Amino acid sequence: MAYTSFFILPLGTKKLLLDYGWDFESEATLPDSLEDQIILALDLKYLESYLGVNDYKGDGFKVTFIKDDNFNIESVYFRIYCTEFDHLVLYVSELFNGDESI
């Protein structure tokens with residue numbers, strides 16, 4: 001199934017596209033409250049958790065929270081399976097409200 005994807009990453013994260021996908025490197029993490037904010041705002045349903053990864057499903061999209069060994073959020077991965085996702089992009093933009101320090 002084809003999809004569009006994007007990530008939320010800490011500012012200054014080094015990004016490298018490898019054969020198996022994206023690799024990110026950062027000493028910073030995202031705010032702990034971010035997971036709950038996104039779950040509530042997008043009415044996400046829990047799918048599963050494994051090896052520091054929490055998967056949730058929304059209407060036409062999937063959101064994965066990737067955590068480090070200390071359970072801090074390293075990145076958030078969105079996969080959008082529908083063509084109309086303007087509301088999702090708008091929400092994520094408003095969530096950060098132009099704050100690039102995250």
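This briefing goes through the fold, the strand pairing, the core, the salt bridges and the aromatic rings of one protein. The structure is a predicted model, and the protein in it contains 2 helices and 7 strands. Read along the sequence, these elements follow the pattern β-β-β-α-β-β-β-β-α. Buried residues make up 34% of the 102 residues, and the accessible surface of the protein comes to about 6,900 Å², with 51% of that surface belonging to carbon and sulfur atoms. Among contacts between residues at least 6 apart in sequence, 44% join residues at least 24 apart.

- Strand β6 is mostly covered, since 5 of its 7 residues are buried.

**S75, a residue of strand β7**

- S75 is found in strand β7, which covers residues 73-80, and S75 counts as buried because its relative accessibility is 4%, where the limit for buried is under 20%.
- Leaving aside neighbours within four places in sequence, S75 is in contact with I8, L9, L30, T64, F65 and I66.
- S75 and P10 are 65 residues apart in sequence, while their C-alpha atoms are 7.3 Å apart in space.

**The largest nonpolar core**

- In soluble globular proteins, nonpolar side chains tend to be buried together.
- The largest nonpolar core of this protein has 15 residues, and those that touch the most other members are I38, L44, V63, F65 and V76.
- The elements that give two or more residues to this core are helix α1 and strands β6 and β7.
- L44, leaving aside its neighbours within four places in sequence, is in contact with I38, I39, Y56, K57, G58, F61 and V63.

**Salt bridges**

- How many salt bridges does the protein have? The count comes to 3 salt bridges.
- E35 forms a salt bridge with K67, and the closest N and O atoms of this pair are 2.7 Å apart. The pair links distant parts of the chain, with E35 in helix α1 (residues 33-42) and K67 in strand β6 (residues 61-67), 32 residues apart.
- Are E35 and K67 buried or exposed? E35 counts as buried because its relative accessibility is 7%, and K67 counts as buried at 18% relative accessibility.
- K45 and D43 meet through their side chains in a salt bridge with an N to O distance of 3.0 Å; K45 is partly exposed, with a relative accessible area of 47%, whereas D43 is exposed, with a relative accessible area of 52%.
- K62 forms a salt bridge with D55, in which the closest N and O atoms are 3.8 Å apart; K62 counts as partly exposed at 21% relative accessibility, whereas D55 is buried, with a relative accessible area of 1%.

**Aromatic rings**

- A pair of aromatic rings is described by the distance of the centres and the angle of the planes.
- The protein has 7 aromatic pairs. In one of them, the rings of W22 and F24 have their centres 6.2 Å apart and their planes at 5°, so this pair is stacked.
- W22 is partly exposed, with a relative accessible area of 44%, and F24 counts as partly exposed at 24% relative accessibility.
- The rings of Y46 and Y56 have their centres 5.8 Å apart and their planes at 75°, so this pair is edge-to-face. Y46 lies in strand β4 (residues 45-50) and Y56 in strand β5 (residues 53-58), so the pair ties together parts that are 10 residues apart in sequence.
- Y56 is buried, with a relative accessible area of 10%.
- F7, W22, F24 and Y77 form one aromatic cluster.

Definitions and conventions:
Residues are numbered from 1 along each chain as its sequence is written. This is a predicted model: local features need pLDDT of at least 70, side-chain atom pairs count only at pLDDT 80 or more; totals for chains, interfaces and linings use all residues. Side-chain values use heavy atoms; hydrogens and water are left out. Helices (H or I, at least four residues) and strands (E, at least two) are DSSP runs, numbered from the N terminus. Buried means under 20% relative accessible area, exposed over 50%, partly exposed in between (1.4 Å probe, protein chains only). Contact means heavy atoms within 4.5 Å. Accessible areas come from the Shrake-Rupley method with a 1.4 Å probe; for residues, only the protein chains shown count as cover. A salt bridge is a side-chain nitrogen of Lys or Arg within 4 Å of a carboxyl oxygen of Asp or Glu. A nonpolar core is a set of buried Ala, Val, Leu, Ile, Met, Phe, Trp, Tyr and Cys residues joined through side-chain atoms within 4.5 Å. Rings of Phe, Tyr and Trp (its six-membered ring) pair if their centres lie within 6.5 Å; planes under 30 degrees apart count as stacked, over 60 as edge-to-face and the rest as tilted.
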